[in-house]
Amino acid sequence: MKELFILAVVTFFTLLTYWLVEPFAHSQMHKHIESEGFAYKDLPALTKKGDAARGKELVMGAGACAGCHGIKVEGMPAPMDPVTAAQSYGVNPPDLSNAGVVFDPKFLAALIKNPAHALMVEHKFDPAKGQMHPMTQFYGAGGDLDQEVADMVAYLQSIAPKAEELTPVMAFETACGRCHAIHYPYVKEGEAYPAWTQIGEKPAFKKKQNALAFEQKVLDYQDALTKYMGTLPPDLSMYIRSRGEHHIKTFMENPQNYLKGTAMPRVGVTAEAADKVIEHLEDVGDSKRHERASVGANVMIYIFIFAIFAILWKKEVWRDLH
Amino acid sequence: MAHFTKATSLHDWLNQRLAIDTLRRVLATEYWIPKNINFLWAMGMVLAITFGLLLISGIFLLMYYQPNVNLAFDSVNYTIMQEVGYGWLWRHVHGVAASVVFLIIYIHMFTGIYYGSYKKGREMIWLSGMLLFVAFSAEAFSGYMLPWGQMSYWAGMVITNLFSGGSLHADGLVEWIRGDYVPAQAFLNRFFMLHVLLIPLAILGLIGLHFGALRIPHVNNQDGEEIDFEAEAAKYKAGDKANSKVIAFVNDFMSKDMMVVGIYLIFFFYLVFYHYDFAMDPVNFDPADGLKTPAHIYPEWYFLWSYEILRPFSTNTGLIAFAFAQVIFFALPFLDKSPNAVPASRRGLFKYWFWAMLIDMIILTAMGKVPPEGAFSTIGLYAALTFIGLWIALPFITKTEKKV
């Protein structure tokens with residue numbers, strides 16, 4: 001039993017060292033930020049019940065959303081190509097087809113009324129200093145503002161796919177994809193997905209001229225985006241490994257918690273859409289996680305059996321030695 | 001020329017040419033190991049197996065890795081991790097084994113220190129083991145450069161900067177090591193060469209030396225008892241295995257080794273599949289960027305204790321203390337003046353020295369990772385001073401030790 005005691009001593013010091021350099025050290029190095037569950041408690045709740053038909057008129061109305069945003073599901077392409085849009089606004093305004101499912105309704109309402117506030121970028125866009133957010137706030141169409149905003153949100157929700165139809169890639173593209181590239185293509189369930197650039201999927205080109213022309217567009221877009229954000233937002237290919245789920249989610253929820261003064265806006269996604277974004281980042285940066293789990297289980301079974309045989313062999317050999 | 005006869009079997013044919021029966025007897029069946037040992041004596045085999053895992057996984061990784069600053073990161077994180085079948089498995093085995101091998105090395109070293117296995121003719125075992133420790137450290141550091149992530153780059157920057165020698169300002173030496181003003185292509189290429197060729201060759205040679213060094217003084221035992229190996233071997237060969245104090249390397253010792261290896265591999269593969277993050281720092285999954293310094297730069301856990309001996313002092317003092325920490329373990333057999341080669345528990349003050357050293361190195365390890373601020377710097381400073389003090393005290397406390 002002396003050996004078990006020695007093993008206990010070795011295990012104790014090993015675990016102590018592990019605890020000190022991993023959980024303890026990381027708790028000292030990184031601020032722990034709890035998730036707020038994507039509740040957006042600082043934003044007012046929607047008090048009015050929206051009317052989608054009325055909302056459609058408002059969204060499509062003169063000088064309203066459709067002036068800058070495309071709505072593909074309604075057959076409306078974006079008014080500008082992404083590069084021109086980014087050169088005009090800093091970043092390409094998103095297509096609104098999925099907005100109603102990806103973004104929280106409270107957040108959408110707050111965004112329509114006061115974009116800089118909802119996006120938590122008021123430190124960057126202060127109207128008093130003449131710094132206007134590129135998205136014009138909605139001042140109302142003459143009726144009750146809260147009712148009109150509720151109608152617009154109801155319309156966006158009515159055209160959006162249902163929550164269970166939202167795919168990881170749709171969530172990523174709508175929430176993150178106009179600022180962040182993912183230069184790793186990936187395969188999921190037998191289907192190949194190309195790399196993502198800020199202006200969309202990177203097509204396969206037969207001719208080098210076309211590939212270079214596309215590359216040029218991406219670079220032009222990135223230049224405009226860099227000017228707007230202050231730095232080029234990072235490629236997210238390996239973020240699931242470099243940051244991990246908790247960090248990414250809490251960062252999306254409120255970037256200011258981690259980086260005070262950052263130009264990254266609050267994304268305003270629902271908890272479900274955030275899960276989809278994480279799943280997409282896993283599909284890209286940790287694509288072998290299912291294989292790892294199944295191979296892991298088999299290897300563990302094999303090694304257990306190996307250890308049992310090794311123990312039996314030792315007992316057999318040492319029977320004569322004692 | 002020796003006399004050869006027509007072989008009666010393949011065995012005989014080989015035996016005439018390679019003396020395989022003699023080899024087998026000398027290296028295995030009549031290579032005598034003390035019976036009075038515990039599982040800590042299997043750490044050598046555990047290390048050999050872990051080194052084997054590193055070598056095999058490394059060969060697979062080498063087939064796809066690109067030593068180019070523009071391609072290295074993606075060749076690891078995309079090609080190997082996602083495109084190549086089971087590339088992720090080889091990488092996780094390699095990464096986890098690189099970390100675990102140091103855990104086992106430290107256990108192996110502290111076992112040697114505890115049982116006095118560096119004394120009385122076993123000095124060369126200790127010295128060759130220390131050379132292996134240095135070679136493994138260089139291997140780990142050069143390997144850490146290869147994924148060309150943020151920690152690769154900045155660890156490369158910090159460690160190569162040490163060679164400027166503080167006030168000596170030997171910047172030319174630093175540039176010579178890097179092949180550039182900053183870590184770049186030349187730097188990556190040469191560390192790649194070191195990692196996959198020169199240092200592994202040195203390690204293989206040193207493993208041979210380490211094994212060879214065991215041969216004459218024999219393996220130590222749990223009670224530091226001096227064994228008459230010839231007499232005990234004779235007893236064993238006469239069939240009195242139960243009363244003999246020795247066992248054969250194969251199968252007796254090997255079967256116990258493999259039992260420990262089997263249990264160790266459960267732990268190892270658990271880490272590979274379910275807990276690999278500790279061995280693969282998240283920061284290194286950001287590509288190297290010379291314009292963006294990470295908030296915290298720290299080495300892998302196994303270098304933290306010596307890093308913390310560098311850190312709490314001013315530049316020059318720190319470098320001297322760091323250099324001291326790097327070489328002082330080599331001097332152990334000569335600083336320990338006691339005539340006793342027995343377990344620390346029976347050695348008076350040395351018993352306290354052993355546990356103080358172990359705990360001090362764990363404190364240094366912990367303080368080497370946390371930010372050097374407030375109480376942590378103070379604790380780090382005192383732990384570093386304690387480390388140096390313990391080594392200075394060693395000859396004095398062992399000199400007064402009574403013969404047991």
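Okay, let's start in a loop: Met120(A) sits between helix H6 (115-118) and helix H7 (145-159) of chain A. Helices here are DSSP runs of H or I with at least four residues, strands are runs of E with at least two, and both are numbered from the N terminus. Met120(A) isn't a glycine, yet its phi is positive, about 55°.

Quick housekeeping. This is a predicted model, where local features need pLDDT of at least 70 and side-chain atom pairs count only at pLDDT 80 or more, while totals for chains, interfaces and linings use all residues. Residues are numbered from 1 along each chain as its sequence is written, chains are lettered from A and ligands numbered from 1 in the order in which they are written, and side-chain values use heavy atoms, with hydrogens and water left out.

Chain B has a positive phi to show too: Tyr86(B), about 60°, and again not a glycine. Tyr86(B) is in the loop between helix H4 (72-83) and H5 of chain B. So is Tyr86(B) buried, exposed or partly exposed? Its relative accessibility is 40%, so Tyr86(B) counts as partly exposed (buried is under 20% relative accessible area, exposed over 50%, partly exposed in between, with a 1.4 Å probe and protein chains only).

One more backbone item: the peptide bond joining Val250(B) and Asn251(B) is cis, with omega about 0°. Asn251(B) belongs to helix H11 (residues 249-274) of chain B.

Now the two chains together. The size of an interface is often given as the accessible area lost when the parts come together. Chain A and chain B bury about 5100 Å² between them, 70% of it on carbon and sulfur atoms; that's the accessible area (1.4 Å probe) the two parts lose on being put together, summed over both. On the chain A side, Arg241(A), Arg292(A) and Leu321(A) lose the most area to chain B, together 13% of what that side buries. Counting contact as heavy atoms within 4.5 Å, we get 55 residues from chain A and 60 from chain B.

Across that interface the rule finds 3 salt bridges, meaning a side-chain nitrogen of Lys or Arg within 4 Å of a carboxyl oxygen of Asp or Glu. One of them pairs Lys256(B) with Glu3(A), 2.9 Å from N to O. Which helix gives the most to the side of chain A that touches chain B? H1(A) does, with 19 residues. By class, that side of chain A has 32 nonpolar, 11 polar and 12 charged residues. For the classes, Ala, Val, Leu, Ile, Met, Phe, Trp, Tyr, Cys and Pro are nonpolar, Asp, Glu, Lys and Arg are charged, and the others, Gly among them, are polar.

Last stop, inside chain B. Between them, domain 1 and domain 2 of chain B bury about 3100 Å², 68% of it on carbon and sulfur atoms. In domain 1 of chain B, Phe110(B), Tyr114(B) and Lys119(B) lose the most area to domain 2, together 22% of what that side buries.

Here the rule finds 1 salt bridge across the domain interface. Lys119(B) also forms a salt bridge with Asp336(B), the closest N and O atoms being 3.1 Å apart.
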